[in-house]
Amino acid sequence: MSTQDERYAFIAEWYDPNAALIRRYQFLYYPKDNTIEMYYVYLPLSLFGLVYKLLKIITLGMIKPDSMKKMGEILDLIFKNGFLITKMKKVSLSRNEALEFYQEHQSKMFFNTLIQYITSGPVMAFELMGENAVEKWRNLLGPTDSAEARSEAPYSIRARFGTDKTQNACHGSDSAASAARELEFFFPAGSAGRRNTAVFSDCTCGVIKPHAVLSGVAGQIINKILDTGFEISAIAMFHMERANAEEFYEVYKGVVQEYSSMVDELTSGPCIALEIRAQNAHHQFREMCGPADPEIARHLRPRTLRAMYGRDKVQNAIHCTDLPEDALLEVEYFFKILDR
Ligand SMILES: Nc1ncnc2c1ncn2[C@@H]1O[C@H](COP(=O)(O)OP(=O)(O)OP(=O)(O)O)[C@@H](O)[C@H]1O
């Protein structure tokens, strides 16, 4: 081949969060005129499913009722162990939903106890992505029995947060096939899935921004919010469309210079929306977030979330509702309108 005909071919993969699949592209680079060509490599959905299964790169994780108060620490461990969380939602399972989810255990002696336990309070389901995710997540969980976990795998999640054989902190799919079924149970393709747990009263809205989620500090932020005594009554991950982000930030349009950059940031990756409850939630939570500019926050209020996790006025770690009268509207925007 002459240098005139020379070309370099690359396969690039991009995880499309809206479609929840990996899109594959072929790039061709032609040195003779410095041009590129790009082709979308089409694989039917079923084949993508197969690829997922073969590579075992996604799995379902769930924080069980006994460990929901440790949600922040558990999420932090997940990020530190190199997983990507691509979907997440706090839900309350009804008895029928629990029976369906744990159908494979219906003949077991412990079945009734298990159903009672898993419906005793809200749980948090999440999709985890990473190399060999099914096995890696099960290893991080440790043995089923928390006591055994403490002696055999002392750094595992069940050793650290579990109580006994039933109350063992977290669940993980046991195979790629179970992962596919369980992910479909919580996050069915083409619909919002299980109902979120928002209560829409005495609340305010918090949104952990994409830069903070992508840099792996969302667990620490959630931990601090819980430690301060706020209730996180609803939580879900969103991948915002531009039109939605513009609508959400509508009140800042023409008022705040950074409006367009704020929209860019909110659409740059996954964000985590929270319904925060407390007495005087709006005021208290704003106090905890601190001044909008992290530089100012670091000088004046160094223990606030923006001082600790913010980078600049746009990437300031967390959004909190400005005006008390907008608090419920913002919570409704995420948990009634976007998560229908
Ligand atoms: N012997 C038991 N006594 C009481 N509860 C049990 C017992 N064995 C299992 N369980 C409960 O049932 C769940 C499902 O049991 P399974 O055998 O699938 O364990 P696992 O695969 O380690 O856990 P999980 O499916 O939740 O990830 C356990 O996580 C635990 O909550």
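1. A quick definition to start: a residue is buried here if 20 or more other C-beta atoms lie within 10 Å of its own, exposed if 12 or fewer, and partly exposed in between, with C-beta atoms placed from the backbone. This is a predicted model, in which local features need pLDDT of at least 70 and side-chain atom pairs count only at pLDDT 80 or more, while totals for chains, interfaces and linings use all residues. Residues are numbered from 1 along each chain as its sequence is written.

2. Overall picture. The protein chain has 16 helices and 11 strands; these are DSSP runs numbered from the N terminus, with helices being H or I of at least four residues and strands E of at least two. Of its 340 residues, 36% are buried. Take contacts (C-beta atoms, placed from the backbone, within 7 Å) between residues at least 6 apart in sequence: 68% of them join residues at least 24 apart.

3. Helix H5 (residues 133-141). Ala133, Val134, Trp137, Leu140 and Leu141 are its buried residues. They line one face of the helix, because looking down the H5 axis they fall within an arc of 135°, the arc being that of the directions from the helix axis to the C-beta atoms. If you want the background, an α-helix has 3.6 residues a turn, so residues three or four places apart point the same way. The buried residues of H5 pack against S4, S6, H7, S7 and helix H8 (176-186).

4. The ligand. Around it sit His105, Phe110, Thr113, Leu114, Thr144, Lys165, Thr166, Asn168, His171, Gly172 and Asp174, where the cut-off is a C-beta atom, placed from the backbone, within 6 Å of the molecule. Two of the shell residues are nonpolar, seven polar and two charged. In that count Ala, Val, Leu, Ile, Met, Phe, Trp, Tyr, Cys and Pro are nonpolar, Asp, Glu, Lys and Arg are charged, and the others, Gly among them, are polar. Helix H4 (111-118) and strand S7 (170-172) each give at least two residues to the shell.

5. The annotated histidines. An unreviewed UniProt entry puts the feature "active site" at His171 and His319. They span 149 residues in sequence and the farthest two C-alpha atoms are 30.5 Å apart, so they do not all gather at one spot. Keep in mind that UniProt annotations may be inferred rather than shown by experiment; positions use the numbering here and feature names are shortened.

6. His171 is in strand S7 and is buried, with 20 other C-beta atoms within 10 Å. Leaving aside neighbours within four places in sequence, His171 contacts Gly61, Met62 and Lys64.

7. His319 lies in strand S11 (residues 318-320) and is buried, with 22 C-beta neighbours inside 10 Å. Not counting residues up to four places away in sequence, His319 touches Gly206, Val207 and Lys209.

8. Lys209 sits in the loop between strand S8 (203-208) and helix H9 (210-214). Is Lys209 buried or exposed? Lys209 is buried, with 26 C-beta neighbours inside 10 Å. Beyond four places in sequence, the contacts of Lys209 include Glu265, Cys271 and His319.

Technical notes: Two residues are in contact if their C-beta atoms, placed from the backbone, lie within 7 Å.
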